Every structure is written in C-alpha cells, then in structure tokens.
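This report describes one protein chain. It starts with the chain as a whole and then turns to single residues.

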Amino acid sequence: MSYTVKETDINLGLAIATSEAKNLIREICFKYDLKVMCTVERQDAVDKRAFLLVRDGWNPIGEVYARTLRDDDGNHFTEYSFYSHFYEKARGKGVDDKHTLRSKKISSLLTTIKKMKAIPSDAVATTRRHTLQWGDNIGSYESNLGLQRKSVSDAGFQPSDLQAMMEHVLGESPNTNMTATIQDKCKIALDKYKEIDKLNASTREDLSRLFDTAFYVVGANHADVLVVGIARCTNTLSASSRSAYEFEMVKPIKQVDNLEEFPELLSVMTMWKSQRESEGTNRKLLGGVLPITTSTVNKELDLVIDYEYGTTAYHFAWMMTPCSNPS
C-alpha cells in the first residue's frame, strides 16, 4: 500500500520508510483513509520535519511526527504526535501545543484521536474553510464589477412612512394617508431601484458567465504543493453573503506537478505572468504558479485570487478563472 498522494514520489516514500513515525503514519492512514502529501517543517520533530496528512488526495487534515525526549533518569524515548487544526485543547503551552495530541504509544495516541474526534468524519466540514475562500473570490469579483445593492434608506424613508404605506396596502387607512411627500419618496426610490437594476444586469451576466458553469480552482501553499480542480457555483446570483455561496465539483481537486494537462489554464497563467513581468513585479511563486500577493482581481484575464492569512500548509492561496471545456 502506498501512503503518498503521488505513488511516484520516491523521495517522500523513502522519507516515510526511514521515519520514526512510519508506524504511526501506516496506522492512521489506514484507519482514516488518509495520504501523505508532503513534509512540512517542524523544529521539535526528529529530522525537523512532520508529515502532512490529507483527505481526498489534497485536503489537509493534520501532521504526524515523532520526537526524541529524555525521561527523569536520562533515558531517551520516542514520543508520537498528531497536530490538527480541527482539534484544540482548553490549555496548552502554546498555540501548537493546544492543537497537538501526544503519547509514547501509537495505540494510545490513536485511541485519543478517536475519542477527541481530532480527525473529523464530515468531509464537508473539512472543505468549508476552502469554499469560504472561493466565496470571498466571487465577492471580490462582484465588488470589483460594481454590483449595486438596494436599500430602503435610498429615499430617506422613516418608520412612519413605512407604516403609512403598509396601512395603505393592507387597506387599514384611506388613500389620503398616502401623502404627497411619501409618494415623492416612493418615486425617488423606485427610480433609483430601476437604475440599479439596469446597472446590475450586465454585472450579473458577467458573474453568471464566470461562476455558474465551470471554473478552475487552483490552490497552492507554502509547502509548494499545487492542486487543481474544476467547480461551479450553484447560487451565484442568489447568495445573500460571501459565506452563503454553494459549490459543487465538476472535476475533483487533485495534486499536480504543473499545469501541462490544463492548456487553457496554462495559457491564462502565462499571460498573467507576462503582465506581472511587464509591471516589474517579481514575487515568489507558491507551487511554482501562484505569486505571493494580496487578494487580486484581474478583469482583463477573468481571474481572481484569495491569499488568506499568509497561507500555511493548511490554508491555500486559491485562484479561480473560467473553464470553457470541463469535460
């Protein structure tokens, strides 16, 4: 059985085979159907590295590693650790310690992981932080396009105005209660709303074109892991907020070495690279593809990227751009 996402990754396979944590990796991968994506820096671990475990071949779940410590008699022993951002103790020596379970015995550590539910069984919950970034991307693009929102404050309505209108509509007061002032406010608001509808028509067409059908999701992290999938948004125009966007996968996300198998996407990224070079922008590339930058909207190339909290092995920078042929 291969414990790596990419079975051809000989170096990673060798690192696992020679690691003090190899038995823990074998047990936890088998029990929870996980794979090792890469190694990440961990200063207190043997060889100063931990192994990043992922679900579905790309979604980070946690780290496993071993430490060599000394007991009170000066004897060395091995301690096994599992770090998970889905689990947090009430108290700890630091942020990392609060998210880490440890034991001298692998069996005891596995029992604790199960008891504390440190590895969530709900795949939707573990992907939520990623889809929230996708929603941020759509929201950023929407803001950049200038989508207008309607508000009852547009015409300066007061609660008494609204009450009078409701009483009129419900037949609880004669027509004379609809004063000329209120009618003027209604006319002003209605004109504004119609203008907003007109301005938003083309914006909504753009949003629908970009996100309703299919778009590439390209993710990269500071472990220089690159993943690509194809998704679509099922409620682009009806979502009430950035956190309300819903997505379905057209093609599952997978780890890749480069973008060669996605010619359309490669072309867009090449043009974006040329743009940045012409602007004199030279930044480190995550996964060899995504520049370390602030969240960016590029209307000319129809792409948007969300770069969250500096991006860790667990938080990807996500870039989205339309896919014309998802088959």
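## Basis

This is a predicted model, in which local features need pLDDT of at least 70 and side-chain atom pairs count only at pLDDT 80 or more, while totals for chains, interfaces and linings use all residues. Residues are numbered from 1 along each chain as its sequence is written, and side-chain values use heavy atoms, with hydrogens and water left out.

## Overall shape

The protein chain contains eight helices and 13 strands (DSSP runs numbered from the N terminus, helices being H or I of at least four residues and strands E of at least two). Its radius of gyration is 26 Å, well over the 20 Å that the globule rule gives for 327 residues, so the chain is more spread out than a compact globule. The radius is taken over C-alpha atoms, and the rule is 2.2 Å times the number of residues to the power 0.38. Along the principal axes, the C-alpha atoms fill a box of roughly 95 × 50 × 35 Å.

Of the 327 residues, 44% count as buried (buried is under 20% relative accessible area, exposed over 50%, partly exposed in between, with a 1.4 Å probe and protein chains only). Among contacts (heavy atoms within 4.5 Å) with a separation of 6 or more, 57% come from residues 24 or more positions apart.

## Glu79

Glu79 belongs to strand E4, residues 76-83, and is buried at a relative accessible area of 12%. Its side chain makes a polar contact of 2.6 Å with the side chain of Arg67 (a pair of N or O atoms within 3.5 Å; within protein, one must be able to donate a hydrogen and the other to accept it, and residues adjacent in sequence count only if both atoms are side-chain atoms). Beyond neighbours within four places in sequence, the contacts of Glu79 include Tyr65, Leu69 and Arg102.

## The loop between E11 and E12

Lys299 sits in the loop between strand E11 (296-298) and strand E12 (303-307). Lys299 is partly exposed, with a relative accessible area of 44%. Leaving aside neighbours within four places in sequence, Lys299 touches Tyr141, Asn144 and Leu145.

Asp302 also lies in the loop between E11 and E12, but is buried at 17% relative accessible area.

## Positive phi

Most residues other than glycine have a negative phi. Asp302 has a positive phi of about 55°, and phi of Asp56 is near 60°. Asp56 is in the loop between strand E2 (49-55) and strand E3 (59-70), where Asp56 is exposed, with a relative accessible area of 53%.
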